[in-house]
Amino acid sequence: MTQPNSKQRGRSHFSTALILLLALTHSVGSDAGVLPFGRPTANLAKQKQQEGVCFANIKRGNGQCLIPRGGSTAAASSDPKSLSESLRILGVTGAIVYIRDSIATAAQEWWREAETTKFLLAGAVAGIVSRTVVSPLEVVATAQMVRGGNKGLVGELTSLFKAEGVKGFFKGNGANCLKVAPTRGVQFFAFEKFKLSLVAWKRKSMGLPDDAEISLSPFERLVAGGFAGMVASSMVYPIEVVKTMLTMYPGKYAGIGAAFRAVITEVGPRGLYAGLTPTLIAMFPYVGVEFMIYETAKIAIEAFLKDQSDDGAFVALPVIISLGLGALAGAAAQTSAHPLDVVRKRLQVQGINGNPVLYKTTFDCFAGVAKKEGFGALYKGLGPACVATIPGTGIAYITYEFMKNVLNLSSV
């Protein structure tokens, strides 16, 4: 027999509760006042003694006792209307409690099966935590990529602190977190789904059963991560443009909404997608290399630790090693995609706040920057970007692993 899913069970509980509520209300309202309740004559004296004592001190707004001492039968014999009202309240209260418990049970069942939501949540939390921690380095890296300059990391941080104080270290972080939460959430979720699709395809092509163990190669993990990065970036790209505006021109815009409106006013809706092409091109190697290095190394180290254990049991990766692997993966990914990152940010600020429009396409910008400023200009800001990426990616992965444990998730 097919078992009902959580949504069907939730609807069933809710419908049953409504039927119970309607039945109680109708029967009590129409018949309770004439129910043949009575007391023997021998108990009349005892009833007289209890008269005037209110049960549980439950009274109406006018002070009249709702349920007199002696129970509902006493109320019925002396005041049928009071019994009707009392039973109606008890019926409504019971129905409310039943509905509440049914909803809570349905929510718990849904949460146990909501793997998609859990992966999105785990990735979003990982992104917010990591990005906030490295926000000062992200601000410096963005400034160097857009305007250039020869100041070192310490010099940039010192100048920023003198000019804007601690607040300057976190300018644009709200927009950054608004972007990185869905980006990281979709990245991790899409990566897990692409891996599952690859595993299913390999099982089918090899004629294996659905429960057969299949391992993915590093290249297959790179492909899954690359497509996951492209999907995530295309979904939240306008927020990336706004984040760049808030970082480069602090104080000019009242907030994220004001920056959105300014970009649309100055260059039109297409301005929200300026630099999208180099972003998508860069995201494939960037996210692909990051996921490939981290997961391949993680699986290899876990297998080594398992072999070294006395009983051959699975050994979880220590946090410090997970942090180091994430840092290594982030540094490699940033270096491979940094030139396209520079091109993307140059295209984003064109035509806004008086900046001239110098380049028409991604290739035009790439060639123009290299010709005018030298090939090294395509790697401006790599130092601060790597310094931000190394701890940021490491923190993202240990946060993601922590959230997976909390939410009872597993990966292939």
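The model is predicted, so please read with care: local features need pLDDT of at least 70, side-chain atom pairs count only at pLDDT 80 or more, and totals for chains, interfaces and linings use all residues. Residues are numbered from 1 along each chain as its sequence is written, and side-chain values use heavy atoms, with hydrogens and water left out.

**Exercise 1. The largest pocket**

Find the volume of the largest pocket and work out which helix gives the largest share of its lining.

Step 1. Start with the idea: rolling a probe the size of a water molecule over the atoms shows where empty space is left. On a 1 Å grid over the protein atoms alone, a pocket is an open set of points with protein on both sides within 12 Å along at least five of seven lines, while a cavity is a set of points where a 1.4 Å probe fits but cannot get out; lining residues have an atom within 4 Å of a point.

Step 2. The largest pocket holds about 900 Å³ of space, where a volume is the space filled by probe spheres set on the points, and grid points are joined across faces, edges and corners. Its lining has 31 residues, and Lys298, Ile299, Glu302, Phe314 and Ser411 are the closest to its centre.

Step 3. Helices are DSSP runs (H or I, at least four residues), numbered from the N terminus. Those giving two or more residues to this lining are H8 (173-206), H9 (218-248), H11 (276-308), H12 (319-348) and H14 (382-407). The largest share, eight residues, comes from H11.

Step 4. Sorted by class, the lining has 15 nonpolar, seven polar and nine charged residues. Here Ala, Val, Leu, Ile, Met, Phe, Trp, Tyr, Cys and Pro count as nonpolar, Asp, Glu, Lys and Arg as charged, and the others, Gly among them, as polar.

**Exercise 2. A lysine at the pocket**

Decide whether lysine 298 is buried or exposed, and list what it touches.

Step 1. Locate lysine 298 in helix H11.

Step 2. Its relative accessible area is 15%, so lysine 298 is buried (buried means under 20%, exposed over 50%, partly exposed in between, with a 1.4 Å probe and protein chains only).

Step 3. Leaving out residues up to four places away in sequence, lysine 298 touches Leu317, Leu325 and Glu401 (contact means heavy atoms within 4.5 Å).

**Exercise 3. The enclosed spaces**

Count the cavities of 30 Å³ or more and describe the lining of the largest cavity.

Step 1. The structure holds three such cavities. The largest cavity has a volume of about 590 Å³.

Step 2. It is lined by 35 residues, and Arg131, Lys179, Met283, Tyr286 and Gln334 are the closest to its centre.

Step 3. Helices that each supply at least two residues of this lining include H5, H6 (135-147) and H8. By class, the lining divides into 14 nonpolar, eleven polar and ten charged residues.

**Exercise 4. Two helices that pack**

Describe how H5 and H14 pack and which classes of residue make the contact.

Step 1. H5 (residues 115-133) and H14 pack at an angle of about 145°, with axes 8 Å apart. Axes are lines fitted to C-alpha atoms, for helices over the stretch in contact, and angles run from 0 to 180 degrees between N-to-C directions.

Step 2. Among the residues in contact are Phe119 and Val125 of H5, and Ile395 and Tyr400 of H14.

Step 3. The contact has twelve nonpolar, four polar and one charged residue.
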